[in-house]
Amino acid sequence: QVQLVESGGGLVQAGGSLRLSCAASGIIFSIYDMGWYRQAPGKQRELVAAITSGGITNYADSAKGRFTISRDNAKNTVYLQMSSVKPEDTAVYYCNAERWVGLRLDHWGQGTQVTVSS
């Protein structure tokens, strides 16, 4: 059974920092591309940052220079370090594990709430 469990969300003041973690089980973590998505109320889910199985990273423009995605294959965990957060970063953050084998295989976590106060 595949599980992605996010943690680290909470309430933070604007300008502060937060680190999200996503622990994976039930998959061969090292061969999956991992991503962090977010969904704010009334908005569509959007990609925040992604890291391939080979360690290549990609960021949404809104996250560049402020957020850092990393992974620890030994711990089956992906992280999102959030710095200089803004009220517009308020959303539910979801972890995603993706792999292409002719078709897309992906798994989602349950999400963790991040609220940034001004």
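I'll start with a sheet, then go to the aromatic residues, and finish with one glutamate.

Quick housekeeping: this is a predicted model, so local features need pLDDT of at least 70, side-chain atom pairs count only at pLDDT 80 or more, and totals for chains, interfaces and linings use all residues. Numbering runs from 1 along each chain as its sequence is written, and side-chain values use heavy atoms, with hydrogens and water left out.

So, the sheet. It's open, with 4 strands in the order β1-β3-β8-β7 and antiparallel pairing. Strands here are DSSP runs of E, at least two residues, numbered from the N terminus, and two of them pair if DSSP finds at least two bridges between them. Which strands stand at the edges? Those are β1 (3–7) and β7 (67–72); each has a single partner strand, so one side of each is left without a neighbour in the sheet. On average, neighbouring strands in this sheet are turned by 15° against each other, direction ignored; the axes behind that are lines fitted to C-alpha atoms, and angles run from 0 to 180 degrees between N-to-C directions.

Take β3 (residues 18–25) and β8 (residues 77–82): they run antiparallel, joined by 6 bridges. L20 stands opposite L80 in β8.

Now the aromatics. Searching the whole structure turns up 1 aromatic pair. Y37 and W108 have ring centres 4.9 Å apart and planes at 65°, so they're edge-to-face. The cut-offs: ring centres within 6.5 Å, using the six-membered ring for Trp, with planes under 30 degrees apart called stacked, over 60 edge-to-face, and the rest tilted. Y37 is in β4 (residues 33–39) and W108 in β10 (residues 104–108), 71 residues apart, so the pair links distant parts of the chain.

Buried or exposed? Y37 is buried at 17% relative accessible area, while W108 is partly exposed at 33%. Buried is under 20%, exposed over 50%, partly exposed in between, with a 1.4 Å probe and protein chains only.

Last one: E98, in β9 (residues 91–100). E98 counts as buried, at 16% relative accessibility. Leaving aside neighbours within four places in sequence, E98 is in contact (heavy atoms within 4.5 Å) with Y32, D33, R104, L105 and D106.
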